[in-house]
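Subject: Structure handover

Hello,

Here is the structure we talked about, followed by notes on what was found in it. Please read the notes with the model open.

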Amino acid sequence: MSEVIVVTSGKGGVGKTTTTANLGTGLAKLDKKVVLVDTDIGLRNLDVVLGLENRIVYTIVDVIEGACRPAQAMIKDKKCDGLYLLPAAQTRDKSAVNPDQMRALVEELRKDFDYIILDCPAGIEQGFMNAIAGADRSLIVTTPEVSAVRDADRIIGLLEANNIRDNKLIVNRLNIDMMKHGNMMSADDVVEVLSIDLIGVVPYDEKIVIATNTGTPLAGDGTIVGNAYMNICRRIMGEDVPYENLDEKKGFFAKLGALFSAN
Amino acid sequence: MGLMDFFRKKSTSDIAKDRLKLVLVSDRASCSPEIMERIKNDIIAVLQRYVEIDQQGLDIKITKTESDAETGSTGPALYANIPIKSMRHSD
C-alpha cells in the first residue's frame, strides 16, 4: 500500500525542500521505493538539494501535458537505490497545473511507489492547492519562530478544511543552545501552541548548509541531524521511536519542577 | 503554580509563546475587520440608549479567556473597554 505525503509549511525558507530530500533519502535507505515530486513550478529547488540538477530532461508539466510518460521524466538518485525525483518545470508557473491533474498524476505514481512525497511551494495559493490535492497526509515543517509557527497554524486550518486529517509537525532548525537559555521556543512549546502531534525535531546544524552546497542529503549518515531524519522516517512508517534527548539540562530541571508542582 | 514558576523570570521564548497564542486566537476566529466594525457599531447603538460613551477611547478586540478554570483550556473572548462620559437619566 502506498502513501502520498505532502511536505508543507506556509512560510518560505523553513526547510521544506531540505526535509523532503532527507526524508526521501531516509525512506529509500529503509528499503522503500520513493518518488519525490517537486510541485514548486517556476521555482524548483529539490533537484539542486539532491544534486540531480544536471540530469533533468522532462518535468512534471511535460508528464501532465502528456508530452512524456512519468517514467521518462523521473530521475534516479545518484547514491540511493529506490529514490526517484520528478522535477518541477522552471520556465512555467503554478497555473500550468490544476488540482485534478495532480490527483490523477499521484494516482498513477501509487502503482509503482511505496511513498510519494510532494514538496509543496510556500504560500496558500494555487501551488499549495495543487500540492495537497492528492495527499493522504501531511508533514508540516516549522522553525521555532513566531512567524513560521503562525503560518503553520494557518496551513493546518487549510489542510483540515480540505479533508486532510493526518497532519504531523516537524520542528526544524531548533537551536538547542538558545532553547536552553530560554531564547528560543522548544518543540514542546510549539506543539502546545499548535495543538498538533509532533513527528520529529531537527536541531540546527551547519552541516545542513554544507550538505546543500554539495547536493548530498544527510539522512542516515550517522550525524545528529542525519539521525533525526532517520527517526522521522521510521515514525512515518509507523514505528514507535523514542525522542532524542536534545536538552538534558532542561530535562533535569523540568523533572525537578514537576516534583515541586506535584506537591 | 509550581515552585519553579515562582522563581522563573519570563524568558523571550515565553514571550514568543504568549504572543503567538494571542495572535492565533484572532487568526482562528477569522473575524474580519468589517464584522468587528459592525459589532462595534451595534454595541455603541445599544449602550447609547442608556449612557453617553467616549467613542475615541473605545477598544474592542478578540482575545482569549480561560473558559474552563479546572483544565485551564482557553477560548476566544470579545474584549470591550468602553469609557462612559455620563449616565443618561430618562426620568
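A residue is called buried if 20 or more other C-beta atoms lie within 10 Å of its own, exposed if 12 or fewer do, and partly exposed in between, with C-beta atoms placed from the backbone. By that count, buried residues make up 48% of the 263 residues in chain A, and 3% of the 91 residues of chain B.

The model is predicted: local features need pLDDT of at least 70 and side-chain atom pairs count only at pLDDT 80 or more, while totals for chains, interfaces and linings use all residues. Residues are numbered from 1 along each chain as its sequence is written, and chains are lettered from A and ligands numbered from 1 in the order in which they are written.

Chain overview

Helices (H or I, at least four residues) and strands (E, at least two) are DSSP runs, numbered from the N terminus. Chain A has 12 helices and 8 strands. Its radius of gyration, taken over C-alpha atoms, is 18 Å, close to the 18 Å from the globule rule (2.2 Å times the number of residues to the power 0.38), so chain A is as compact as a globular protein of that length. Along the principal axes, the C-alpha atoms of chain A fill a box of roughly 70 × 40 × 30 Å.

Chain B has 3 helices and 4 strands, in the sequence pattern α-α-α-β-β-β-β. Two residues are in contact if their C-beta atoms, placed from the backbone, lie within 7 Å. Of the contacts with a separation of 6 or more, residues 24 or more positions apart account for 75% in chain A and 54% in chain B.

The sheet of chain A

Strands pair if DSSP finds at least two bridges between them. Chain A has an open sheet of 8 strands in the order 3-4-2-5-1-6-7-8, with mixed pairing. Its edge strands, each pairing on one side only, are strand 3 (75-76) and strand 8 (198-203). Strand 3 of chain A pairs with strand 4 (residues 83-86) in the antiparallel sense over 2 bridges, and K76(A) stands opposite Y84(A) there.

Strand 5 (residues 115-119) of chain A runs parallel to strand 1 (residues 3-8), joined by 5 bridges, and parallel to strand 2 (residues 34-38), also by 5 bridges. V4(A) stands opposite I116(A), and V34(A) has Y115(A) as its bridge partner. In strand 5 of chain A, 5 of 5 residues are buried: Y115(A), I117(A) and D119(A) on one side, I116(A) and L118(A) on the other.

The core and helix 11

A nonpolar core is a set of buried Ala, Val, Leu, Ile, Met, Phe, Trp, Tyr and Cys residues joined through C-beta atoms within 7 Å. The largest has 81 residues, and V35(A), I116(A), I117(A), L118(A) and Y229(A) touch the most other members. Helix 11 (residues 224-236) of chain A gives the most to this core, with 7 residues. Beyond four places in sequence, the residues that I116(A) touches include S2(A), V4(A), V35(A) and R110(A).

Helix 11 of chain A lies across strand 7 (166-174) and strand 8, at about 170 degrees to strand 8. Axes here are lines fitted to C-alpha atoms, for helices over the stretch in contact, and angles run from 0 to 180 degrees between N-to-C directions.

R235(A) lies in helix 11 of chain A. Why does R235(A) count as partly exposed? R235(A) has 17 C-beta neighbours inside 10 Å. Leaving aside neighbours within four places in sequence, R235(A) is in contact with I199(A), G200(A) and V241(A). The C-alpha atoms of R235(A) and I199(A), 36 residues apart along the chain, are separated by 6.7 Å.

Regards
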